[in-house]
Amino acid sequence: MHCCHSPETIQPATTTVPPSIRPSLMATIVMERIGRLFINLQQVRAVPQMLTEVAPSMPGTLRDTEVPGFFRERYIHAGYRPLHQGWRYYFLSLFQRHNETINVWTHLLGSLLVLVKFLQLAEMVDFIHDAHAWPLLILLLSSLAYMACSTVAHLLAAKSEFYHYCFFFLDYVGVAQYQYGSAVAHFYYAVEPDYHRWVSSVFMPTATFLCCLSCLGCCYGKYRNHSLRVWVRKVGQVVPSAMAYAWDTSPVFHRLLLWPTSHSDDITSAASGVVGDPAISFHGGQVAFFLSSAFFFTNPLPERLFPGHCDFLGQGHQLFHIFLVICTLCQIQASHLDYLGRRPLYTQLHGEGGAAATIYLVQYGATQVVCVCIAVFMARKVKRLLDCRDKSK
């Protein structure tokens with residue numbers, strides 16, 4: 001037999017807190033919340049200790065006098081990681097303070113920013129079915145590639161001399177791919193009709209050749225690290241890359257030169273129906289940030305002015321990374337705006353069906369294969385060189 005209750009009989013009784021007890025109750029609640037916050041802060045502070053427990057044998061960093069000369073950087077006196085440790089040590093050194101920490105994190109965070117941008121664009125751009133979007137896809141993939149390769153190189157290259165060569169050869173492969181990605185995006189989206197008429201038959205073949213030449217020059221300069229002077233190696237590495245940059249970005253330079261006199265009623269506006277040029281500021285930004293990055297790549301500043309004071313933070317190579325990341329983000333934004341706003345123009349120049357974009361996509365894969373083969377060939381030369389040196393000892 002079930003008992004029936006009226007609604008009044010099942011309502012919970014309400015307790016009235018006397019006014020004299022309310023302050024103490026509020027104080028108890030506040031203290032509990034402060035206690036929870038304190039516990040959370042304690043957990044955050046325990047993270048370094050947890051990492052230490054995970055890797056209790058993590059060795060400390062070394063002075064420049066304690067590592068082979070090959071690993072020393074000019075004006076950097078400390079923060080070098082010891083050689084010949086387990087791979088686990090070098091991976092975990094991502095969270096350790098050393099002279100490569102900022103170099104690793106700048107391009108690691110940069111690659112995450114590019115990945116976020118990639119995912120945002122994937123919601124607006126049909127990268128699968130729209131062949132005209134493939135040059136933008138190549139730029140995004142090549143940007144991710146060079147930042148990822150740079151991150152791996154700076155993180156793991158301290159393992160040994162052989163791996164130092166190998167990982168920086170990988171880095172140069174990534175740089176070469178980025179050069180190709182820049183070339184195809186600029187030639188496809190940013191080029192003006194008159195410049196396209198001048199270079200249409202030679203632009204991408206030349207860009208591909210310079211991309212592979214840049215990879216070879218950088219790898220060979222690194223290979224001859226011991227036998228050539230610093231300035232000779234720098235010339236061998238910088239000149240091919242500078243030639244590739246000048247050629248790959250020439251459509252943007254041409255467009256920037258035309259803009260002051262033609263931005264109000266330029267060819268692009270007439271062809272596309274777009275008033276003004278929303279991408280021009282981003283193109284100008286990418287050029288300015290790239291030239292800034294090139295300055296810090298070729299000049300060890302500010303560490304040359306403050307030797308031994310930039311071992312962790314403030315190296316010119318770190319500034320090079322930061323400016324290059326910003327340059328890449330400007331470049332991606334400019335190419336996306338051009339993809340949206342200049343479609344009537346680039347479909348007229350490259351064809352409605354996107355056949356040229358298909359060729360460039362296939363060529364991108366072939367260029368990757370060639371650059372990887374260059375890196376593998378140079379790694380084998382390094383292996384033979386180191387083996388001969390070890391046998392002669």
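**Exercise 1. Find which residues threonine 249 touches, leaving out those up to four places away in sequence.**

Step 1: Know what you're looking at. This is a predicted model, where local features need pLDDT of at least 70, side-chain atom pairs count only at pLDDT 80 or more, and totals for chains, interfaces and linings use all residues. Residues are numbered from 1 along each chain as its sequence is written, and side-chain values use heavy atoms, with hydrogens and water left out.

Step 2: Look for contacts (heavy atoms within 4.5 Å). Threonine 249 touches His186 and Val287.

Step 3: Threonine 249 sits in the loop between helix H10 (230-248) and helix H11 (250-262). Helices here are DSSP runs of H or I, at least four residues, and strands are runs of E, at least two, numbered from the N terminus.

**Exercise 2. Work out how far alanine 122 is from leucine 137 in sequence and in space.**

Step 1: Along the chain, the two are 15 residues apart.

Step 2: C-alpha to C-alpha, alanine 122 and leucine 137 are 9.4 Å apart.

**Exercise 3. Say how many helices and strands the protein has, and what share of its residues is buried.**

Step 1: The tally is 16 helices and 2 strands.

Step 2: Out of 393 residues, 45% count as buried.

How values were computed:
Buried < 20%, exposed > 50% of the residue type's maximum accessible area, 1.4 Å probe, protein only.
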